[in-house]
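Thank you all for coming.

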Amino acid sequence: MVKIAPSILSADFAKLGEEIKDVAEGGADYIHVDVMDGHFVPNITIGPLITEAIKPVTELPLDVHLMIENPDNYISMFADAGASIISVHQEASPHLHRTIQLIKDKGVKAGVVINPATPAEMIREILHEVDLVLVMTVNPGFGGQSFIHHAVQKIKQIAAWREELNLSFEIEVDGGVNVETAKLCTDAGADVLVAGSAVFNKHDRRQAINAILEATGK
Ligand code: DX5
Ligand code: ZN
């Protein structure tokens, strides 16, 4: 079963609680929380305070995507705020193994993320330690960007390694996922689709989620 993780980056922040309830009722599996620091990416968004505030709104796992420099300094705060999954960028983590251990030590699922220009090989040695691999199909920083098709081959590569190494991490795809691109991701081996604008920019969120899932044909 393909999972869907609506990204609240495209929600109406003035009524964030209602927006989260709306997608939860509409069939979301995770709530994707995009954390940006204005350094690793050219935008500033949500921090631990907002994460903590939305935790009681939903029983769905909070899937926290850290697009920040020095993630080690903030893992504890996001874990305490109620994150169920914390994903860190390979590009922001010079000691990735240590960073992943810090997440797991907090009792939270650990994910690793790669940008479109980062080869899959860069995370090959950490695959046995993670619960989730997030493949970016846009350059992180903003919602509503176009899907970078070239990244699809990395989903295939990572799915092949998962099989070869007999591992069970989930493969998530983030950026430009919509009814046109969802099937490319799931055919390549993705399990979780992040969708921001393709869900929140639609009036009927249930219909938007169903349309994406149906487009995968799974
Ligand atoms: C991009 C974020 C994404 C983004 C996705 O920097 O990590 O999660 O919100 O938005 P869409 O689905 O609109 O590309
Ligand atoms: Zn994201």
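Before we look at any single residue, let me say how we speak of burial: a residue is buried if 20 or more other C-beta atoms lie within 10 Å of its own, exposed if 12 or fewer, and partly exposed in between, with the C-beta atoms placed from the backbone.

What you see is a predicted model, in which local features need pLDDT of at least 70 and side-chain atom pairs count only at pLDDT 80 or more, while totals for chains, interfaces and linings use all residues. Residues are numbered from 1 along each chain as its sequence is written, and chains are lettered from A and ligands numbered from 1 in the order in which they are written.

As for confidence, pLDDT is the predictor's own value for each residue, from 0 to 100; the mean over the chain is 98, and 100% of its residues reach 70 or more. The model scores ipTM 0.98 and pTM 0.98.

Let me turn to the annotated site. An unreviewed UniProt entry gives the annotation "binding site" to H32, D34, H65 and D174; the positions are in the numbering used here, feature names are shortened, and such annotations may be inferred rather than shown by experiment. These residues span 143 residues in sequence, yet no two of their C-alpha atoms are more than 10.5 Å apart, so they gather at one spot.

Helices (H or I, at least four residues) and strands (E, at least two) are DSSP runs, numbered from the N terminus. In those terms, H65 sits in strand 3, residues 62-67, and D174 sits in strand 7, residues 170-174. H65 counts as buried because it has 27 C-beta neighbours inside 10 Å, and D174 counts as buried because it has 26.

Two residues are in contact if their C-beta atoms, placed from the backbone, lie within 7 Å. Leaving aside neighbours within four places in sequence, H65 has contacts that include H32, D34 and D174, and D174, on its side, touches H65, L134, M136, T137 and V194, again not counting residues up to four places away.

Finally, which residues have a positive phi although they are not glycines? One is N70, at about 50°, in the loop between strand 3 and helix 3; N70 is partly exposed, with 14 other C-beta atoms within 10 Å. Another is N166, at about 60°, in the loop between helix 5 and strand 7, and N166 is exposed, with 7 other C-beta atoms within 10 Å.
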